[in-house]
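Colleague: Could you walk me through the inside of this protein? I am new to this, so please spell out the terms.

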Amino acid sequence: MLALVIRLAAVLGLSSMSMVVKLASESGIRLPEIMFWRQFTAIPVVLLWVSFGAGLSSLRTKRFSAHFRRSFLGATGMFFTFGSIVLLPLAEATTLGFTVPIFATILSAFFLREKVGPHRWAAVLAGFIGVLVVIQPGSGGFPLKGALVGLMAALMVGIISIQLRDLGKTEAPPTTVFYFSFLSSMMLLILHILPLPAPLAKELAWGAGSHSAYQWMLIAGLGLFGGLGQIALTASLRYAPVSTVVGMDYTSLIWSTLYGWAIWNVLPGTSTWAGAPIIIASGLYIAWREHRLSIEKPRELSV
């Protein structure tokens, strides 16, 4: 129960961060700067967490190159994730984010050579049917650019999840979170300072001029909600395995719907309500199936 409560708090924190990302974009803060402040302001939160836990000495690592690759891919994934939040209503962006287990299953089959049986392939197919129900290609009711960005975000998170499996063999979660926050924020800062080719500079440019008090409040919210959400997400795994708590992640659709209604007066369309349960059911079945197989495999080895 403690793990479930912590996971619910994590989902609320990260859903609140998504709401702040959308508000920050609407206030005039450009996406690359939003990403920088999200990562940079989370560093003190993470350091405080580490200080009260294993201690700052636990941040020593022999796998700096692996953390660098994870940070580069993570920053790229964040660009697409935040981009989908900016381009789409919160509930629709959240729904497309639920396709991560689908992409993770496909990637693990092709790159990790994991055996994926007919049950999980059927769940993958069902998940993509759910995506088609939500997007309804050709109808013109769902922004195609936003849909592609949202699906690309889910694909990147799937790639990162495979990399995190490898990092998790030797690195503690606080260490991984710290290096991701620190390295990715430095990458974004360097991109801001260095002269870049005109087309790239246009996409990665920050806004000009100083920020208002309201904008600084939003920037602070990025670090607070993002940092606390990330910590709670990791802490939930101390008390229960992923397969137990992953179902709580889908409550983010409730929060994104409430935020969308309360702030933007927007509710999800009929296609989203029809497709989201299919995508969620697909993800939950994949998680349940992986948990089931992880139990059966040791039994087979012991026979």
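Modeller: Happy to! This is a predicted model, in which local features need pLDDT of at least 70, side-chain atom pairs count only at pLDDT 80 or more, and totals for chains, interfaces and linings use all residues. Residues are numbered from 1 along each chain as its sequence is written, and side-chain values use heavy atoms, with hydrogens and water left out.

Colleague: How many cavities of 30 Å³ or more does a search of the whole structure find?

Modeller: On a 1 Å grid over the protein atoms alone, a cavity is a set of points where a 1.4 Å probe fits but cannot get out. Grid points are joined across faces, edges and corners, and the volume is the space filled by probe spheres set on the points. With the 30 Å³ limit, the search of the whole structure finds one.

Colleague: What is the volume of the largest cavity, and which helix gives the most to its lining?

Modeller: The volume of the largest cavity is about 40 Å³. Lining residues have an atom within 4 Å of a point, and among them here are Arg38, Val46, Phe180 and Gln230. Helices are DSSP runs (H or I, at least four residues), numbered from the N terminus. With three residues, the one that gives the most is helix 9.

Colleague: Which residues is Phe82 in contact with, leaving aside its neighbours within four places in sequence?

Modeller: Contact means heavy atoms within 4.5 Å. By that rule, the partners of Phe82 are Met17, Val21, Leu31, Ile34, Met35 and Arg38.

Conventions
On a 1 Å grid over the protein atoms alone, a cavity is a set of points where a 1.4 Å probe fits but cannot get out, and a pocket is an open set with protein on both sides within 12 Å along at least five of seven lines; lining residues have an atom within 4 Å of a point. Helices (H or I, at least four residues) and strands (E, at least two) are DSSP runs, numbered from the N terminus.
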